[in-house]
Amino acid sequence: MDCGSDLGSARHVPGNPALRQGKPGFGVGFGYGVHFNTDIGQIRVDYAMNAFSRKTFYFSINTGGAGS
C-alpha cells in the first residue's frame, strides 16, 4: 500500500501537466507481487490498483545480480 500527494504544487509546474493528464495531485494505491530468484535472474510480477480502480500489471526480469 502506498499514498502520495503533490502538496498542491502541481499548478506551479509550467504547463500544468498534472491537470492536462487528469492527475488529481494525490492518491492511494495497493497491490501485491511475487519476486523470486532463478538461474536467469530475479523475476518480478506485480499487480496494483489505485483508488480510482485503475489497474496495472508489471513483469520484469533483473539479471544484474544473477550469479553473485
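This passage describes the overall form of a predicted protein model and then several of its residues.

The structure is a predicted model, in which local features need a pLDDT of at least 70, side-chain atom pairs count only at pLDDT 80 or more, and totals for chains, interfaces and linings use all residues. Residues are numbered from 1 along each chain as its sequence is written, and side-chain values use heavy atoms, with hydrogens and water left out.

The protein contains 1 helix and 4 strands. Helices (H or I, at least four residues) and strands (E, at least two) are DSSP runs, numbered from the N terminus. The C-alpha trace spans about 45 × 25 × 20 Å along its principal axes.

Of the 68 residues, 9% count as buried. Here, buried means under 20% relative accessible area, exposed means over 50%, and partly exposed covers the values in between (1.4 Å probe, protein chains only). The protein exposes about 5500 Å², and carbon and sulfur atoms supply 59% of this area. Accessible areas come from the Shrake-Rupley method with a 1.4 Å probe; for residues, only the protein chains shown count as cover.

Among the contacts with a separation of 6 or more, 18% are accounted for by residues 24 or more positions apart; a contact means heavy atoms within 4.5 Å. The protein carries 6 positive and 4 negative side chains, and the centres of the two sets lie 14 Å apart. In this count Lys and Arg are positive and Asp and Glu are negative, while His and the chain ends are not counted. The place of each charge is taken as NZ of Lys, CZ of Arg, CG of Asp or CD of Glu.

Several residues of interest lie in the loop between β1 (2-5) and α1 (17-20), one of them being L7. L7 has a positive phi of about 55 degrees although it is not a glycine, and with 79% relative accessibility it counts as exposed. N16 belongs to the loop between β1 and α1 as well. The phi of N16 is near 45 degrees, again a positive value in a residue other than glycine. N16 is partly exposed, at a relative accessible area of 21%.

A10 is also placed in the loop between β1 and α1, but A10 counts as buried at 16% relative accessibility. Leaving aside residues up to four places away in sequence, A10 touches N16 and A18. P14, in the loop between β1 and α1, is exposed with a relative accessible area of 75%. P14 and I40 are 26 residues apart along the chain, and their C-alpha atoms are separated by 43 Å.

D46 lies in strand β3 (residues 41-50) and counts as buried at 19% relative accessibility. The side chains of D46 and H35 are joined by a polar contact of 3.0 Å. A polar contact is a pair of N or O atoms within 3.5 Å; within protein, one must be able to donate a hydrogen and the other to accept it, and residues adjacent in sequence count only if both atoms are side-chain atoms. Apart from residues up to four places away in sequence, D46 touches Y32, G33, V34, H35, T56, F57 and Y58. From C-alpha to C-alpha, D46 and L19 are 28 Å apart in space and 27 residues apart in sequence.

F59 is located in strand β4 (residues 55-62). F59 counts as exposed at 52% relative accessibility. When residues up to four places away in sequence are not counted, F59 touches I43, R44 and V45. The C-alpha atoms of F59 and G33 are separated by 9.6 Å, although these residues are 26 residues apart along the chain.
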